[in-house]
Amino acid sequence: MLFKQQALLRQKLLVLASLAIGSLLYLVARVGTLDRLQPICPIESRLAPPEPEQIPLRTLQFKRGLLHELRKGNATKEQIRLHNLVQQLPRAIIIGVRKGGTRALLEMLNLHPAVVKASQEIHFFDNDQNYARGIDWYRGKMPFSFPHQITIEKSPAYFITEEVPERIFKMNSSIKLLIIVREPTTRAVSDYTQVLEGKERKNKTYHKFEKLAIDTNTCEVNTKYKAVRTSIYTKHLERWLKYFPVEQFHIVDGDRLITDPLPELQLVERFLNLPSRISQYNLYFNATRGFYCLRFNIVFNKCLAGSKGRIHPEVDPSVVAKLQKFFHPFNQKFYQITGRTFNWP
Ligand code: A3P
């Protein structure tokens, strides 16, 4: 009898012990999973190679066909329904910087089969009239896409407009933000060149860059001049950082996008958690144009419009030096905040 009771007790203890070991093993496994899901340092996790993502073949087949027809307004409602196409709010926005290479960046990212670009600058968040039209108006401006694709828009005015960070935050606080920058003095001259061309087209005269960039009374840099103010990147970024953590921004080197675009695009693919799909095949240097152009496939390729890549006017070297000296401390701060350093003077 005693022997039978002892055997029963041993059996119960065995069951309890195996239950305890099982729970322990489960906990260890769970903690391991959580560790993997929630990296301690988001910046590192961002740089880790993304999990290969399955992009359905039909996306690749239809992207240049059906989506293109849709953009031209040629697809039927039936086709839209049949292919489960939707207009999605952007999951990433190129917020600036004007003349940094925003168009080139958008067009190059659009080479990726999982990316769909909003072709026009929508100016939803920086224009009060558009903003008052509401989020559904904004969504209606987005291109059709497959649900697993991501929509990207670019409006460089967003970067420098006071109200925009809060408005974007209200739409999506975890949105990814891309900023493409160039050496600040070159960017300011490029900005000036664009305005100058507009004036010339209207047969209007315009001041020389030197006159606008330098205050004639003080001989100091004229910070009231918009082309100068826009190049003080850190000032604008600091306003954005009141709403978004620095990890939600990715800084693109606009000067390198001109000379060697692929590595810059690969960094953006990682930031967007997309599998690497843009390759050297998609980018070819066009000597006549003096820039890289885009190759989608064997039959379809294109260069950016002639308005991208204007010849800049010659600027007095002493003015260039003054501007470079002026931007220097702001650049240092920009490097410090973003963790991306450039060889700017
Ligand atoms: P410049 O006209 O000063 O050369 P944005 O699209 O933001 O207005 O920027 C325009 C700038 O994009 C151009 O400035 C040009 O240098 C740059 N850019 C970068 N890659 C380019 C490319 N592949 N083709 C044309 N322009 C490009």
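**Exercise 1. Find which helices and strands supply at least two residues each of the lining of the largest pocket, and say which gives the most.**

Step 1. Begin with the elements: α6 (102-109), α9 (157-160), α11 (184-201), α13 (226-230), α15 (254-259) and β9 (291-295) each bring at least two lining residues. Helices here are DSSP runs of H or I with at least four residues, strands are runs of E with at least two, and both are numbered from the N terminus. The model is a predicted one, where local features need pLDDT of at least 70 and side-chain atom pairs count only at pLDDT 80 or more, while totals for chains, interfaces and linings use all residues. Residues are numbered from 1 along each chain as its sequence is written, and side-chain values use heavy atoms, with hydrogens and water left out.

Step 2. The top contributor is α6, with four residues.

Step 3. Now the pocket itself: its volume is about 680 Å³. Of its 35 lining residues, Lys99, Gly100, Gly101, Thr102 and Lys308 are the closest to the centre. A pocket is an open set of points on a 1 Å grid over the protein atoms alone, where a 1.4 Å probe fits, with protein on both sides within 12 Å along at least five of seven lines; lining residues have an atom within 4 Å of a point. Grid points are joined across faces, edges and corners, and the volume is the space filled by probe spheres set on them.

Step 4. Sorted by class, the lining holds 14 nonpolar, 11 polar and 10 charged residues. Ala, Val, Leu, Ile, Met, Phe, Trp, Tyr, Cys and Pro count as nonpolar, Asp, Glu, Lys and Arg as charged, and the others, Gly among them, as polar.

**Exercise 2. Describe the surroundings of Lys99.**

Step 1. Place Lys99 in the chain: it sits in the loop between β2 (92-96) and α6. An unreviewed UniProt entry marks Lys99 as "active site"; such annotations may be inferred rather than shown by experiment, feature names are shortened, and positions follow the numbering used here.

Step 2. With a relative accessible area of 12%, Lys99 is buried (buried is under 20%, exposed over 50%, partly exposed in between, with a 1.4 Å probe and protein chains only).

Step 3. List the neighbours. Leaving aside residues up to four places away in sequence, Lys99 touches Arg182, Arg187, Ser190, Asp191, Gln194, Lys308 and Arg310; contact means heavy atoms within 4.5 Å.

Step 4. Look at the backbone. Lys99 has a positive phi of about 65 degrees, although it is not a glycine. In the loop between β2 and α6 you will also find Val97, joined to Gly96 by a cis peptide bond with omega about 5 degrees.

**Exercise 3. Locate the largest nonpolar core and follow it to α14.**

Step 1. The largest core has 28 residues, and Ile95, Tyr158, Ile168 and Trp240 have the most contacts inside it. A nonpolar core is a set of buried Ala, Val, Leu, Ile, Met, Phe, Trp, Tyr and Cys residues joined through side-chain atoms within 4.5 Å.

Step 2. Among the elements that each supply at least two residues of this core are β2, α9 and α14 (233-240).

Step 3. Why is α14 largely enclosed by the rest of the structure? Six of its eight residues are buried, so the rest of the structure largely encloses α14. Those buried residues are Tyr233, Thr234, His236, Leu237, Arg239 and Trp240.
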